[in-house]
Amino acid sequence: MTDKTSITLTINGRDHAISVESRRTLADAIREECGQTGTHIGCEHGICGACTVLVDGEPVRSCLMFAQQAAGKEIRTIEGLARGDEMHPMQKAFMEHHGLQCGFCTPGFLMLAVGVLEKEPDISDDDLVDVLSSNLCRCTGYQNIIKAVRAAAIEMRQP
């Protein structure tokens, strides 16, 4: 099964015309065909969440989605969070509240948190903790990650 299909992935507002096998995951296509290596691949089974990206605004485990399924959709990766030299409030909060740890899980946490807060800015603390529990931090830095996301949530609510 080496037949490839030509598709266009729109990542952070930029089109990437690529040719992929039907079994190619979105995570692999983003990293290897499109050169956006900020999306990390951890468990490759959808458990850890390190590969989380936003597809049409929804957090998605990109290791569980085929690249062909994402054709024609808006994909947002960690590279698309900052506006030029200005970091996204979530990125700033992770730095200020020491939510980075070793950094491997950070892109997935950032994309998950941004996706959730953009849809539900007034999410309760309990629901926020519940959502964040779906991603794994092998450094066990959860308290600082939660502090950072809560701080960013306040910042993101500002007009």
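Buried, in what follows, means under 20% relative accessible area, exposed means over 50%, and partly exposed covers the values in between, with a 1.4 Å probe and protein chains only. By that definition Glu21 counts as buried because its relative accessibility is 17%, and Glu21 forms a salt bridge with Arg23. The model is predicted, so local features need pLDDT of at least 70 and side-chain atom pairs count only at pLDDT 80 or more, while totals for chains, interfaces and linings use all residues. Residues are numbered from 1 along each chain as its sequence is written, and side-chain values use heavy atoms, with hydrogens and water left out.

**Salt bridges**

- A salt bridge is taken as a side-chain nitrogen of Lys or Arg within 4 Å of a carboxyl oxygen of Asp or Glu, and the structure holds 7 of them.
- In the pair of Arg23 and Glu21 the closest N and O atoms are 2.7 Å apart; Arg23 counts as exposed because its relative accessibility is 54%, whereas Glu21 is buried at 17%.
- Arg157 and Asp122 meet through their side chains in a salt bridge of 3.3 Å, N to O. This pair links distant parts of the chain, 35 residues apart, with Arg157 in helix α5 and Asp122 in the loop between α3 and α4; helices (H or I, at least four residues) and strands (E, at least two) are DSSP runs numbered from the N terminus.
- Arg157 is partly exposed, with a relative accessible area of 39%, while Asp122 counts as exposed at 63% relative accessibility.
- Salt bridges that share partners join Arg24, Glu32 and Glu33 into one network; within this network the side chains of Glu33 and Arg24 meet at 3.1 Å, N to O, and Glu33 counts as partly exposed at 32% relative accessibility.

- Arg61 lies in strand β4, which spans residues 58-61, and is buried yet has no salt bridge, the nearest side chain of opposite charge being that of Asp130, 11 Å away; for charge, Lys and Arg count as positive and Asp and Glu as negative, and His and the chain ends are not counted.
- The side chain of Arg61 is joined to that of Asn135 by a polar contact of 2.7 Å. A polar contact is a pair of N or O atoms within 3.5 Å, where within protein one must be able to donate a hydrogen and the other to accept it, and where residues adjacent in sequence count only if both atoms are side-chain atoms.
- Leaving aside neighbours within four places in sequence, the residues in contact with Arg61 include Gly46, Cys51, Ser134 and Asn135, contact meaning heavy atoms within 4.5 Å.
- Ser134 is placed in the loop between α4 (125-132) and α5 (142-157) and is partly exposed, with a relative accessible area of 31%.
- Beyond its neighbours within four places in sequence, Ser134 is in contact with Ile47, Cys48, Arg61 and Leu112; Ser134 and Lys73, which are 61 residues apart in sequence, are 24 Å apart in space, C-alpha to C-alpha.

**Thr77 and Asn12**

- Thr77 is found in the loop between β5 (74-76) and α2, and is buried, with a relative accessible area of 0%.
- A polar contact of 2.8 Å runs between the side chains of Thr77 and Asn12, and, leaving aside neighbours within four places in sequence, Thr77 is in contact with residues including Ile11, Ile30, Val53 and Met111.
- Asn12 is found in the loop between β1 (4-11) and β2 (14-21), is partly exposed with a relative accessible area of 28%, and has a phi near 55 degrees, a positive value in a residue other than glycine.

**Other loop positions**

- Asp56 has a positive phi of about 50 degrees although it is not a glycine; Asp56 is found in the loop between β3 (52-55) and β4 and is partly exposed, with a relative accessible area of 47%.
- Gly141 lies in the loop between α4 and α5 and is buried, with a relative accessible area of 8%; Gly141 and Cys102 are 39 residues apart in sequence and 9.2 Å apart in space, C-alpha to C-alpha.
- Leu100 is found in the loop between α2 (89-96) and α3 (106-119), and counts as partly exposed at 34% relative accessibility.
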